[in-house]
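Open the model in your viewer and keep the sequence panel beside it. The stops below are meant to be selected in order.

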Amino acid sequence: GTRIIYDRKFLMECRNSPVAKTPPSHLPDIPGVTSPSVEELKLENHHVQNCEEKVSAAGEEEQFDMDI
(Lines give C-alpha, C1' and ligand atoms only; values in the text may rest on other atoms or scores of the structure.)
Protein backbone atom coordinates (compact mmCIF):
# COMPACT_ATOMS: atom_id res chain seq x y z
CA GLY A 1 0.00 0.00 0.00
CA THR A 2 0.91 3.61 -0.38
CA ARG A 3 1.24 5.79 2.68
CA ILE A 4 0.60 9.49 2.76
CA ILE A 5 3.11 11.19 5.05
CA TYR A 6 2.55 14.74 6.26
CA ASP A 7 5.30 16.81 7.81
CA ARG A 8 4.79 18.71 11.06
CA LYS A 9 4.79 22.14 9.41
CA PHE A 10 1.90 21.21 7.07
CA LEU A 11 -0.18 19.78 9.93
CA MET A 12 0.40 22.86 12.09
CA GLU A 13 -0.75 25.07 9.20
CA CYS A 14 -3.88 22.94 8.78
CA ARG A 15 -4.65 23.48 12.46
CA ASN A 16 -5.21 27.20 11.81
CA SER A 17 -7.48 26.62 8.81
CA PRO A 18 -11.08 27.92 9.10
CA VAL A 19 -12.30 24.51 7.94
CA ALA A 20 -10.65 22.86 10.96
CA LYS A 21 -12.42 25.22 13.36
CA THR A 22 -15.99 24.57 12.21
CA PRO A 23 -17.91 21.30 12.56
CA PRO A 24 -19.34 19.64 9.45
CA SER A 25 -22.65 21.25 8.48
CA HIS A 26 -24.53 17.97 7.94
CA LEU A 27 -24.16 16.62 11.49
CA PRO A 28 -27.33 16.55 13.61
CA ASP A 29 -27.32 18.46 16.91
CA ILE A 30 -27.23 15.78 19.61
CA PRO A 31 -26.38 17.24 23.05
CA GLY A 32 -23.55 15.30 24.63
CA VAL A 33 -22.57 13.64 21.35
CA THR A 34 -22.06 16.18 18.56
CA SER A 35 -22.33 19.21 20.85
CA PRO A 36 -21.48 19.50 24.54
CA SER A 37 -24.40 19.20 26.90
CA VAL A 38 -25.08 21.84 29.56
CA GLU A 39 -23.88 19.46 32.29
CA GLU A 40 -20.62 18.78 30.43
CA LEU A 41 -19.97 22.50 30.06
CA LYS A 42 -20.52 23.01 33.80
CA LEU A 43 -18.25 20.05 34.65
CA GLU A 44 -15.56 21.27 32.25
CA ASN A 45 -15.64 24.75 33.77
CA HIS A 46 -15.45 23.25 37.27
CA HIS A 47 -12.56 20.98 36.20
CA VAL A 48 -10.60 23.94 34.81
CA GLN A 49 -11.04 25.81 38.10
CA ASN A 50 -9.89 22.75 40.09
CA CYS A 51 -6.83 22.32 37.87
CA GLU A 52 -5.87 25.95 38.39
CA GLU A 53 -6.16 25.51 42.17
CA LYS A 54 -4.02 22.35 42.08
CA VAL A 55 -1.35 24.05 39.99
CA SER A 56 -1.06 26.90 42.50
CA ALA A 57 -0.70 24.44 45.39
CA ALA A 58 1.52 21.94 43.56
CA GLY A 59 4.60 22.75 45.64
CA GLU A 60 2.82 21.94 48.89
CA GLU A 61 1.32 18.52 48.19
CA GLU A 62 2.37 15.32 46.52
CA GLN A 63 1.31 14.92 42.91
CA PHE A 64 -0.37 11.53 43.43
CA ASP A 65 -1.93 9.90 46.45
CA MET A 66 -1.25 6.18 46.77
CA ASP A 67 -3.16 3.72 48.96
CA ILE A 68 -1.00 0.77 49.96
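**Whole chain.** Start with everything shown; this is a predicted model. Colour by secondary structure: the protein chain has two helices and zero strands. Switch to a surface display, where the accessible surface comes to about 7,200 Å². Carbon and sulfur atoms account for 56% of that area. Of the 68 residues in the protein chain, 3% are buried.

**Nonpolar patch.** Select Ile4, Tyr6, Phe10 and Leu11, which form a nonpolar patch on the surface. Together they have about 430 Å² of accessible area. Leu11 has a relative accessible area of 45%, so it counts as partly exposed.

**Ring pair.** Which residues make up the one aromatic pair that the structure holds? Select Tyr6 and Phe10: their ring centres are 5.4 Å apart and their planes are at 15 degrees. The pair is stacked because planes under 30 degrees apart count as such. Both residues are also members of the patch. Tyr6 is partly exposed, at 47% relative accessible area, and Phe10 is partly exposed, at 36%.

**Loop residue.** Move on to Lys21, in the loop between α1 and α2, the latter spanning 38–56. Is Lys21 buried or exposed? Its relative accessibility is 59%, so Lys21 counts as exposed.

Technical notes:
Residues numbered from 1 in each chain as written. Predicted model: local features only at pLDDT ≥ 70, side-chain atom pairs only at ≥ 80, totals over all residues. Heavy atoms only, no water. Patch = residues over 30% accessible without salt bridge, like charges linked within 9 Å, V, L, I, M, F, W, Y side chains within 5 Å. Areas by Shrake-Rupley, 256 points an atom, 1.4 Å probe, with all protein chains shown as cover. Salt bridge = Lys/Arg side-chain N within 4 Å of Asp/Glu carboxyl O. Buried < 20%, exposed > 50% of the residue type's maximum accessible area, 1.4 Å probe, protein only. Helix = DSSP H or I, 4+ residues; strand = E, 2+ residues; numbered from the N terminus. Phe/Tyr/Trp six-rings, centres within 6.5 Å; stacked < 30°, edge-to-face > 60°.
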